[in-house]
Amino acid sequence: SGARPDLYKELYERILDYFDSEKPYLKPNLTINDIVKVVFSNKTYISRVISLFTGRNFCQFVNYYRIKYSTECFKANHDLKIHEISSMSGFNSIVTFNMAFRLYMGENPSDWCRKEKGRYVKGKK
């Protein structure tokens, strides 16, 4: 591959900027083609830089953002139900959400939420 490392880094930063500012991962039907149009690159390069900088494939990269977002949602509102958090975060199914959550957080969402609620209650005293 003849591409220079600084070009990879620049593309990766464009992807990160887009994910941070526009939150495209909240769209349940997001595909790599949607990203292509925005960062002016192609699927091969986008896949390659995501893999290079994160060690994840596109789906894993998107789900990582979704899980991060889901934890912020719950921290902001402890009354949310798991299925509500899941759909707010861009997941099509609760099964996929549970699997991704376990992968990135090391426990299932209901356990995490219960602990998070406990931490919050303790902190308020």
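Helices here are DSSP runs of H or I at least four residues long, numbered from the N terminus. With that in hand, note that this is a predicted model, and let's start at the end of α2: just after this helix, Phe-40 takes a positive phi of about 55 degrees.

Helix α2 itself spans residues 32-39, and its buried residues are Ile-32, Ile-35, Val-36 and Val-39. Those four sit on the same side of α2, because they cover an arc of only 110 degrees around the axis. In general, an α-helix has 3.6 residues a turn, so residues three or four places apart point the same way.

Now for α4 and its meeting with α6. The axes come within 9 Å and cross at roughly 85 degrees; an angle of 65 to 115 degrees counts as roughly perpendicular, so that is how α4 and α6 lie to each other. Here's who makes the contact:

| Helix | Residues in the contact |
|---|---|
| α4 | Gln-60, Asn-63, Tyr-64, Ile-67, Ser-70, Thr-71 |
| α6 | Thr-96, Phe-97, Ala-100, Phe-101, Tyr-104, Met-105 |

By type, that contact has seven nonpolar residues, five polar and no charged.

On to Glu-107, found in the loop between α6 (94-105) and α7 (109-124). Buried or exposed, this Glu-107? Glu-107 counts as buried because its relative accessible area is 17%, and the cut-off is under 20%. Leaving aside residues up to four places away in sequence, Glu-107 touches Phe-101, Arg-102, Trp-112 and Lys-115. With Lys-115 there is also a side-chain polar contact of 2.7 Å.

Technical notes
Residues are numbered from 1 along each chain as its sequence is written. This is a predicted model: local features need pLDDT of at least 70, side-chain atom pairs count only at pLDDT 80 or more; totals for chains, interfaces and linings use all residues. Side-chain values use heavy atoms; hydrogens and water are left out. Helices (H or I, at least four residues) and strands (E, at least two) are DSSP runs, numbered from the N terminus. Buried means under 20% relative accessible area, exposed over 50%, partly exposed in between (1.4 Å probe, protein chains only). Contact means heavy atoms within 4.5 Å. A polar contact is a pair of N or O atoms within 3.5 Å; within protein, one must be able to donate a hydrogen and the other to accept it, and residues adjacent in sequence count only if both atoms are side-chain atoms. The arc is that of the directions from the helix axis to the C-beta atoms. Axes are lines fitted to C-alpha atoms, for helices over the stretch in contact, and angles run from 0 to 180 degrees between N-to-C directions. Angles under 35 degrees count as roughly parallel, over 145 as roughly antiparallel, 65 to 115 as roughly perpendicular and the rest as oblique. Ala, Val, Leu, Ile, Met, Phe, Trp, Tyr, Cys and Pro count as nonpolar, Asp, Glu, Lys and Arg as charged, and the others, Gly among them, as polar.
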